[in-house]
Amino acid sequence: MISVFDDAEQLAQAAAERFVAAARAAVGVSGRFSVALAGGTTPRRVYKLLASDAYKNQLEWSKVHIFFGDERCVPPAHPDSNYRMARETLLARVAVPAANVHRIEGAGDAASGARRYEDELRAFFKGDEWPRFDLVLLGMGDDGHTASLFPHTHALAEEQAWVVANRVEKLRAFRITLTARAINHAARVVFMVAGAGKAARLAEVLHGARDPERLPAQLIRPLAGSLEWLVDRAAAESLPDADSSEETRATQN
């Protein structure tokens, strides 16, 4: 499903509402909620909203388990760290226990960090063939990448591992990322895409020819879960019938 909102702020509010709804549903069924966070500008605003009084008091944070979809190979205090962004905007502002925050160790050898993170996931989802996150939040880059699944990188073909160290030549760096197959076993996946700079690529990903080597976001197709794209009007400008279809409008939520 594609949900179009007038601006990035309304998009962020919708994402926060979906986070709360997914958390409350999961806690009601299993007693815990597992979510993999995304990095980036749009998620930053979502996390700030979740830490506000309007949202944070709706959740039992002691039952929330925070994971990450990917991480840069930097220390946790580095300005580029996804963990640092989440900590500053959300984790330090809500009553989530430290033991419930499962960060990716980006500093040091990337392959070792990926193995440690997969081990932690396997311990949490013990006995499961694949992780079953209650919610995975994702962004999309203007090159069509999501998490750290970048175009023409080896991680795109991974079929066995839950987590890999992915060499991204254009960045001259490694990233640690969940694999597409791991993401696709989630109960719910929500993309958040904002800005006119992503409009053309978003249209390609959603309505163009299937070419996941070039457009990795196309790999995300939950096997037994839901997929929703939350996009603002600027990002939706190249989608067919974007002005009239508007499967979900912020004014209707």
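Predicted model: local features only at pLDDT ≥ 70, side-chain atom pairs only at ≥ 80, totals over all residues.
Residues are numbered from 1 along each chain as its sequence is written, and side-chain values use heavy atoms, with hydrogens and water left out.

The protein chain contains seven helices and nine strands; helices (H or I, at least four residues) and strands (E, at least two) are DSSP runs, numbered from the N terminus. For 253 residues, a compact globule would have a radius of gyration near 18 Å, and the 17 Å of the protein chain agrees with this. This radius is taken over C-alpha atoms, and the globule rule is 2.2 Å times the number of residues to the power 0.38. Along the principal axes, the C-alpha atoms fill a box of roughly 45 × 45 × 35 Å.

Of the 253 residues, 53% count as buried, where buried means under 20% relative accessible area, exposed over 50%, and partly exposed in between (1.4 Å probe, protein chains only). The chain exposes about 10,900 Å², of which carbon and sulfur atoms supply 47%; accessible areas come from the Shrake-Rupley method with a 1.4 Å probe, and for residues only the protein chains shown count as cover. Among contacts (heavy atoms within 4.5 Å) between residues at least 6 apart in sequence, 74% join residues at least 24 apart. The side chains include 31 positive and 33 negative ones, and the centres of the two sets lie 4 Å apart. Lys and Arg count as positive and Asp and Glu as negative, while His and the chain ends are not counted; the place of a charge is NZ of Lys, CZ of Arg, CG of Asp or CD of Glu.

Helix H2 (residues 41-50) has Thr42, Pro43, Val46, Tyr47, Leu49 and Leu50 as its buried residues. Seen down the axis of H2, these residues fall within an arc of 160°, so they line one face of the helix; the arc is that of the directions from the helix axis to the C-beta atoms.

In helix H4, the buried residues are Asn82, Tyr83, Met85, Ala86 and Thr89. They fall within an arc of 165° down the axis of H4 and therefore line one face of the helix. Their cover includes S2, H2, strand S3 (64-68) and strand S4 (70-72).

Several loop residues were also examined. Ala147 lies in the loop between S5 and strand S6 (163-168), and His152 is placed in the loop between S5 and S6. Most residues other than glycine have a negative phi. Phi of Ala147, however, is positive, near 50°, and phi of His152 is positive, near 60°. Ala147 counts as buried because its relative accessibility is 12%, whereas His152, at 58%, counts as exposed.

Glu169 occupies the loop between S6 and strand S7 (173-178) and is exposed, with 54% relative accessibility. Its C-alpha atom lies 9.5 Å from that of Phe150, 19 residues apart in sequence. Asp6, in the loop between strand S1 (2-5) and H1, is partly exposed at 34% relative accessibility.
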